[in-house]
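Let's take a friendly walk through a protein chain, from its overall layout down to single contacts. Please have a look at the sequence and the structure first.

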Amino acid sequence: MPDIRDARGLIASRTLGGGRNFHVIDYRVSGNNISPIFRGDLVTFDSNGDVQRITCNTTVAQRVPIGVVAYCLGADRRPLTFNQPTRGPYITTSTDGYVGVYIDPTIIYNVQCDGTVSRANVTSYIGVTAGVGNTAAGYSTIQVQSSTVAVTAVGHFLQIVGLSPDELADSYQGGANVRNLEVIISHHGFNSKGGGVTHAYTPA
């Protein structure tokens with residue numbers, strides 16, 4: 001099995017069509033946000049149309065993901081800055097701000113898994129872990145959840161489209177299980193046909 005890397009959330013890699021020009025739209029985060037938001041987090045809208053971080057799978061049907069956070073801005077829409085060594089550019093709980101969100105449903109993301117999966121799981125669906133975020137660096141620590149791998153989309157946000165390029169030599173040639181995957185958002189807020197997916201933006 002390859003070495004375990006630091007989880008860094010969902011990292012935009014390319015699109016299903018091969019392009020790398022990712023469209024980003026800024027959305028508001030209100031002072032009612034109930035968990036911190038980091039680069040690489042999977043996000044949704046709450047009932048007021050403000051962004052909230054998706055923290056885990058649940059049986060409570062809510063809204064589908066709208067994309068992944070590319071960057072965080074303050075309430076004045078200026079980029080948040082580092083305050084090293086302890087504070088990265090993320091939006092804290094109960095804080096106004098804005099986030100730039102990758103909204104293209106065809107984006108492929110590189111993400112770490114909390115357990116092992118294999119090439120046999122490509123095309124399967126998978127859920128996410130809570131992830132508390134790296135406050136010093138300002139990036140997400142969300143991972144995909146190996147125990148949730150399934151052949152149906154019900155209750156899952158993401159679909160596995162391949163193994164991360166850094167895993168290919170080890171897995172395809174050696175047959176070992178892997179920790180890094182490529183995924184797409186299977187039920188996306190801008191192309192979902194509805195039904196099947198459940199999620200929560202309440203803390204796990």
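Helices (H or I, at least four residues) and strands (E, at least two) are DSSP runs, numbered from the N terminus. Read along the sequence, the chain follows the pattern β-β-β-β-β-β-β-β-β-β-α-β, with 1 helix and 11 strands. This is a predicted model, in which local features need pLDDT of at least 70 and side-chain atom pairs count only at pLDDT 80 or more, while totals for chains, interfaces and linings use all residues. Residues are numbered from 1 along each chain as its sequence is written, and side-chain values use heavy atoms, leaving out hydrogens and water.

**The chain as a whole**

A residue is called buried under 20% relative accessible area, exposed over 50%, and partly exposed in between (1.4 Å probe, protein chains only). Of the 204 residues in the protein chain, 51% are buried. The chain exposes about 9,100 Å², and carbon and sulfur atoms supply 50% of that area; the area comes from the Shrake-Rupley method with a 1.4 Å probe. Contact means heavy atoms within 4.5 Å. Among contacts between residues at least 6 apart in sequence, 74% join residues at least 24 apart.

**Two nonpolar cores**

A nonpolar core is a set of buried Ala, Val, Leu, Ile, Met, Phe, Trp, Tyr and Cys residues joined through side-chain atoms within 4.5 Å. The largest one has 24 residues, and those with the most contacts inside it are L10, L42, Y109, L158, L181 and V183. Strand 5, strand 7 (107-117), strand 8 (125-128), strand 10 and strand 11 each supply at least two residues of this core. Which strand gives the largest share of this core? Strand 7 does, with 5 residues. A second, separate core of 13 residues includes V43, V51, C72 and I91.

L158 shows what such a position looks like in detail. Beyond its neighbours within four places in sequence, L158 has contacts that include L10, Y125, I126, V144 and V183.

**Charged pairs**

Side chains of opposite charge can pair when their charged atoms come close. In a salt bridge, a side-chain nitrogen of Lys or Arg lies within 4 Å of a carboxyl oxygen of Asp or Glu. By this rule, the count comes to 6 salt bridges. Among them are these:

| Salt bridge | Closest N and O atoms |
|---|---|
| R14 and E182 | 2.8 Å |
| D50 and R28 | 3.1 Å |
| D96 and R28 | 3.7 Å |

The R14 and E182 pair links strand 1 (residues 11-15) with strand 11 (residues 178-185), 168 residues apart. Is E182 buried or exposed? E182 counts as buried because its relative accessibility is 5%, whereas R14 is partly exposed at 25%.

Salt bridges that share partners join R28, D50 and D96 into one network. R28 is partly exposed, with a relative accessible area of 38%. D50 counts as buried at 8%, and D96 counts as partly exposed at 40%.

**A buried serine**

S164 lies in the loop between strand 10 (158-163) and helix 1 (168-174). With a relative accessibility of 2%, S164 counts as buried. A polar contact is a pair of N or O atoms within 3.5 Å; within protein, one must be able to donate a hydrogen and the other to accept it, and residues adjacent in sequence count only if both atoms are side-chain atoms. The side chain of S164 makes one with the side chain of N110 (2.7 Å). Not counting residues up to four places away in sequence, S164 touches N110, N180, L181 and E182.
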